[in-house]
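Me: I have a sequence and a model on my screen. Walk me through how to read the features, one by one.

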Amino acid sequence: MSPQAHIIHQLRGRLRLKILEKRQDPDYFAALQNQLEALPGVSEVRVNLITGSVIILHPEQSFSELRTQLDNLGLFEIVATP
């Protein structure tokens, strides 16, 4: 089962997720960052192991386009923020 990713903040071209289940997991976040940076339309990815936070900058792409790519990767499941 994929870990849950909660949308914490979203603006046009910027998405912040929290993946609490994987906090303090350097291998997961290194692999995640590499795969997200390789996505078309993604210009920058920042991760924070301590908080489980991921910031994805996607200035040339809509959220729905990014969401489709994220879902296809299968690295996490985006769920509603609690």
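Me: Let us begin with helix 2. Which of its residues are buried?

Reply: L66, Q69 and L70 are buried in helix 2. Buried means under 20% relative accessible area, exposed means over 50%, and partly exposed lies in between (1.4 Å probe, protein chains only). Helices (H or I, at least four residues) and strands (E, at least two) are DSSP runs, numbered from the N terminus. Note that this is a predicted model: local features need pLDDT of at least 70, side-chain atom pairs count only at pLDDT 80 or more, and totals for chains, interfaces and linings use all residues. Residues are numbered from 1 along each chain as its sequence is written, and side-chain values use heavy atoms, with hydrogens and water left out.

Me: What do the buried residues of helix 2 pack against?

Reply: They pack against strand 2, helix 1, strand 4 and strand 5 (77-79). Contact means heavy atoms within 4.5 Å. After helix 2 comes G74, with a positive phi near 70 degrees.

Me: How do I read a nonpolar core?

Reply: In soluble globular proteins, nonpolar side chains tend to be buried together. A nonpolar core is a set of buried Ala, Val, Leu, Ile, Met, Phe, Trp, Tyr and Cys residues joined through side-chain atoms within 4.5 Å. Here the largest one has 18 residues. I19, L32, L36, V54, I56, L70 and F76 have the most contacts inside it.

Me: Which elements give two or more residues to this core?

Reply: They are strand 2 (14-18), helix 1 (26-37), strand 4 (53-57) and helix 2 (63-73). Helix 1 supplies the largest share, 4 residues.

Me: Take L36. What does L36 touch?

Reply: L36 is in helix 1. At 0% relative accessibility, L36 counts as buried. Not counting residues up to four places away in sequence, L36 touches V42, V45, V54, I56, L70 and L73. For a sense of spacing, take R16, 20 residues from L36 along the chain: their C-alpha atoms are 13 Å apart.

Me: And which residues does F76 touch?

Reply: With residues up to four places away in sequence left out, F76 touches S2, P3, A5, L17, I19, Y28, L32 and L70.

Me: How do I read charged pairs?

Reply: Side chains of opposite charge can pair when their charged atoms come close. A salt bridge is a side-chain nitrogen of Lys or Arg within 4 Å of a carboxyl oxygen of Asp or Glu. This structure has 3 salt bridges.

Me: Which residue does D71 pair with?

Reply: D71 forms a salt bridge with R67, with the closest N and O atoms 3.3 Å apart. The two are 4 residues apart in helix 2, so about one helical turn separates them. D71 is partly exposed at 41% relative accessible area, and R67 is partly exposed at 28%.

Me: Now K18. Is K18 buried or exposed?

Reply: K18, in strand 2, is buried yet has no salt bridge. The nearest side chain of opposite charge, E21, is 14 Å away. For charge, Lys and Arg count as positive and Asp and Glu as negative; His and the chain ends are not counted. K18 touches Q4, A5, H6, I8, T51, G52 and S53, leaving out residues up to four places away in sequence.

Me: Last, backbone angles. What is phi of Q24 near?

Reply: Most residues other than glycine have a negative phi, and most peptide bonds are trans. Phi of Q24 is near 70 degrees, a positive value in a residue other than glycine. Q24 lies in the loop between strand 2 and helix 1. Q24 is exposed, at 54% relative accessible area.
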